[in-house]
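Hello,

Please find the structure below.

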Amino acid sequence: MSPLGKHLAALIRSQGPITIARYMAEALGNPRHGYYMTRDPLGQRGDFTTAPEISQIFGELLGLWCAIQWQRMGRPDPVHLVELGPGRGTLMVDALRAARSVSGFTDAIQLHLVEMSPALKTRQAERLHATWHDRFEDVPEGPVLLIANEFFDALPIHQFARTEAGWRERMVGLDESGEQLTPFLAPGAGATAALIPQALTSAPIGGSAEVCPAGLTIAEAIGRRVARFGGSAAIIDYGHALSAPGDTLQALRGHRYHGVFQDPGQADLTAHVDFQALARSAQEAGAAVHGPVEQGSFLRALGIDHRARALSQNASAKQRQAIADGVARLTSEDQMGRLFKVMAISDPALPAPEGFSLA
Ligand code: SAH
């Protein structure tokens, strides 16, 4: 087992089982051994690849999306441009380059990056001038444009199983040898069970439910911000448009599925995002929600094909192929086009943002 696995086993031995949320938070964010804390996990040689690493067009279109929203907001200066979990900073570099075509926008921007990983902060600082924060709540108040790509799927979830006796929280304990981490059902539901979406409360016996309090809290904070100071957020991730039952916790290592409890700290851990639950939190805070729409249709509405043609014009045959492959990967229904979704949280005084008008 990994060093963090041994640490957690010792913790459980002395203090008892931990929730899945605590397990996920430790696996990803433990200051010494957490998966994101020590490494750059992205790209070919890493464990997974994300949309901005596949094609520069992804970040460019989101930069233009922000620039258009900024114009609709009445060109506030300054405006906080915020990214949650910027990874290598690739999306933001591409977004800022494209946004320069809208006069005045980049001069008005104050860039804020919310990032917990020291390793990735260093990487981002090589490419971007920004202010870094540990939490969205620490970003100064004011008009805001926000992007979060594959951020919410990394936030800790609680899991529950429906039994004859009602909901039971799934916990992490130790197997009979006392060495291996293993999941089991707690004798009770736990306080977080109150957050199980209404739509899932009639799940069949044996069915499961997931709840992400950290995600709900951030969606609510974003909603409050845009409603009070003006602005919009684009949340892009993989998941369900409507709250759905199921166990979606998964580990990835070297681009392959890995055991969720096998090597905490050495594999990426994510869960499907429940967009409906995030939407409700943002709406309760006074914001309007648009979508979610499928990533493929969002990118097409923003002009991905047009941009690909323009980029291909002076490109070599090999580059043209790479551009086309990238577009296909981001938009095809059997790749990222359908599973990934885009949802906007926006000031209710603003019209539906670009890409959502038909949604
Ligand atoms: N958006 C990037 C990276 C996605 S990976 C891309 O699309 O390529 C997830 C990112 O979120 C990483 O930068 C990770 O360090 C960061 N992250 C995950 N959980 C976080 C948390 N609780 N607080 C702040 N940053 C977090």
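A pocket here is an open set of points on a 1 Å grid over the protein atoms alone, with protein on both sides within 12 Å along at least five of seven lines; a cavity is a set of points where a 1.4 Å probe fits but cannot get out, and lining residues have an atom within 4 Å of a point. Grid points are joined across faces, edges and corners, and a volume is the space filled by probe spheres set on the points.

This is a predicted model, in which local features need pLDDT of at least 70, side-chain atom pairs count only at pLDDT 80 or more, and totals for chains, interfaces and linings use all residues. Residues are numbered from 1 along each chain as its sequence is written, and side-chain values use heavy atoms, with hydrogens and water left out.

At least two lining residues come from each of β11 (250-253) and β13; strands are DSSP runs of E of at least two residues, helices are runs of H or I of at least four, and both are numbered from the N terminus. By class, this lining has seven nonpolar, six polar and five charged residues. Nonpolar covers Ala, Val, Leu, Ile, Met, Phe, Trp, Tyr, Cys and Pro, charged covers Asp, Glu, Lys and Arg, and the others, Gly among them, are polar.

The largest pocket holds about 660 Å³ of space. Of its 37 lining residues, G85, E115, M116, F151 and A154 lie nearest the centre. α2 gives the largest share of this lining, three residues. The classes are 19 nonpolar, eight polar and 10 charged.

Cavities

How many cavities of 30 Å³ or more does the structure hold? There are two. The largest cavity has a volume of about 230 Å³. It is lined by 21 residues, with E210, C212, H272, V273 and D274 closest to its centre. β9 (208-211), α9 (213-229), β14 (273-274) and α10 (275-284) each give two or more residues to that lining, and β9 has the largest share, three residues. The lining divides into 14 nonpolar, five polar and two charged residues.

The second largest cavity contains about 30 Å³ of space. Its lining includes Y23, A27, A251, G259 and V260. α2 (20-29) and β13 (268-270) each supply at least two of the lining residues. By class, the lining has seven nonpolar, two polar and two charged residues.

Regards
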